[in-house]
Amino acid sequence: MAAAASSLVRRAAAAASRGLLHARAFASGGGGETAKRVLVPVAAGTEPIEAAATADVLNRAGARVTVATADPAGDDGLVVEAAYGVKLVADGRVADLEGEAFDLIALPGGMPGSVNLRDCKALEKMVKNHADNGGLYGAICAAPAVTLAYWGMLKGLKATCYPSFMEKFTAEVIPVNSRVVVDRNAVTSQGPGTAIEFALALVERLYGKEKMEEVAGPLYVHPQHGVEYTIEELNSVEWKCSDTPQVLVPVANGSEEMEAINLIDVLRRAGVNVTVASVEEKLQIVTRRHKFNLIADMMLDEASEMQFDLIVMPGGLQGAQKFASTKKLVDLLKKQAESNKPYGAICASPAHVLEPHGLLKGKKATAFPPMSHLLTDQSACDQRVVVDGNLITSQAPGTATEFSLAIVEKLLGGDKAISIAKELIFM
């Protein structure tokens with residue numbers, strides 16, 4: 001049967017109100033459940049928000065997630081150049097996993113990523129054998145139409161995909177214009193803006209409603225997906241920037257992957273020149289939840305010689321703590337603030353980087369709700385995104401897309417932000 005995405009969102013939003021409790025439950029290990037094995041195949045051109053959200057959310061549920069490249073073996077080893085210049089390092093190769101059993105195989109979308117997954121014969125064989133044995137499988141964005149339907153794996157099933165790809169469904173598929181559709185063992189979804197909903201639907205099928213709500217709580221998912229995002233803006237000022245805005249996104253081991261990749265993906269979609277800089281000793285960093293290796297564009301030392309219209313940090317407690325102890329980054333942030341140039345942070349970073357270094361003084365801000373008590377002024381902490389002059393802050397992975405869209409709006413205008421939101425299927 002087709003799942004009602006709005007029902008899932010309502011339950012997830014209710015869980016968010018209990019986020020602190022669930023965050024503690026997750027930190028304690030979530031009980032002694034047997035880890036489910038999940039395969040997330042990726043390829044050149046894969047949509048990184050969809051891959052990251054699927055891996056991250058399922059990992060939060062306790063699944064053992066393997067990100068495997070479907071690309072042919074080459075000189076780059078396990079490096080995958082996903083869409084929008086995001087470079088990932090896979091755990092292994094699909095071709096080396098034949099014969100291994102998984103509880104779920106979930107395909108991210110993106111173009112030409114979905115075509116590259118489709119053309120991987122080893123992956124096609126694995127998914128078909130998995131489905132024949134009653135296994136749960138899913139796909140999002142272009143992948144339901146371009147990959148699963150092409151393989152004949154949606155025959156007689158209700159399914160959805162990225163709206164402009166609906167016409168590519170074969171005649172045997174029953175198309176449904178819904179954010180998430182569940183029919184028998186197939187779960188399909190529409191795009192980057194539905195990726196968390198898709199991942200939570202997979203968690204619910206693998207582990208049940210209670211686990212889904214436990215995972216959803218600390219994400220602080222949007223209570224009403226598909227509607228226009230809102231920003232709490234105080235002391236409104238114009239963000240002056242170059243014709244092509246220049247944005248620095250620092251990353252560290254332990255950075256929250258959904259937040260970092262949302263920033264990179266959404267801003268680059270909008271035409272912003274995003275520089276991803278590692279504050280570690282090498283370009284490759286390991287993000288918070290998954291062995292999700294992200295390769296930065298350059299080291300912070302090199303980036304510090306450049307001029308940026310905005311410096312914005314993802315969260316993740318370990319990553320935020322590294323940012324806070326990186327003098328060069330803190331100096332860049334202070335210089336940015338003193339020059340009345342925009343800067344921002346999400347999740348743990350407002351509380352663990354901006355607050356202790358005096359970068360929230362006299363400002364309204366928000367942060368990851370269980371950490372909001374660390375802010376001197378907590379009066380705006382119930383807001384998902386807060387803009388106060390040249391400062392922008394946000395709460396959690398579930399607010400990362402709104403955070404990124406708010407930045408697009410401030411840099412490039414409301415019309416551009418709405419256009420990108422619709423492209424993402426966020427609204």
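Me: How much area is buried between domain 1 and domain 2?
Reply: This is a predicted model, in which local features need pLDDT of at least 70 and side-chain atom pairs count only at pLDDT 80 or more, while totals for chains, interfaces and linings use all residues. Residues are numbered from 1 along each chain as its sequence is written, and side-chain values use heavy atoms, with hydrogens and water left out. Buried area is the accessible area (1.4 Å probe) that two parts lose on being put together, summed over both. Carbon and sulfur atoms give 60% of the area buried between domain 1 and domain 2, and the whole is about 2,300 Å².

Me: Which residues of domain 1 lose the most area to domain 2?
Reply: Three residues stand out here, and together they make up 24% of what the domain 1 side buries. They are I49, Y84 and V89.

Me: How far apart are the C-alpha centres of domain 1 and domain 2?
Reply: The bounds come from an automatic or database domain assignment, which gives domain 1 as 33-219 and domain 2 as 232-424. The contact (heavy atoms within 4.5 Å) takes 30 residues from domain 1 and 26 residues from domain 2. Between the C-alpha centres of the two domains, the separation is 28 Å.

Me: Which residue meets R269 in a salt bridge?
Reply: A salt bridge here is a side-chain nitrogen of Lys or Arg within 4 Å of a carboxyl oxygen of Asp or Glu. Across the interface of domain 1 and domain 2, the rule finds two salt bridges. At 2.8 Å from N to O, the side chain of R269 meets that of E47.

Me: Which element gives the most residues to the side of domain 1 that touches domain 2?
Reply: Helices (H or I, at least four residues) and strands (E, at least two) are DSSP runs, numbered from the N terminus. Between the domains, the count is 10 residue pairs in polar contact, both at pLDDT 80 or more; such a contact is a pair of N or O atoms within 3.5 Å, where within protein one must be able to donate a hydrogen and the other to accept it, and residues adjacent in sequence count only if both atoms are side-chain atoms. The elements giving two or more residues to this side of domain 1 are α3 (48-60), β2 (64-69) and β4 (87-89). With 10 residues, the one that gives the most is α3.

Me: Is T46 buried or exposed?
Reply: T46 sits in the loop between β1 (37-42) and α3. Leaving out residues up to four places away in sequence, T46 touches A51, A82, A83, P108, G109 and G113. Buried means under 20% relative accessible area, exposed over 50%, and partly exposed in between (1.4 Å probe, protein chains only). Because its relative accessibility is 0%, T46 counts as buried.

Me: Which backbone nitrogen does the side chain of T46 reach?
Reply: The distance from the T46 side chain is 2.9 Å, and the backbone nitrogen belongs to A43.

Me: Which residue does a cis peptide bond join to M111?
Reply: Omega of this bond is about 10 degrees.

Me: What is the relative accessible area of N340?
Reply: N340 is placed in the loop between α12 (327-338) and β19 (343-346). Its phi is near 55 degrees, a positive value in a residue other than glycine. N340 is exposed, with a relative accessible area of 59%.
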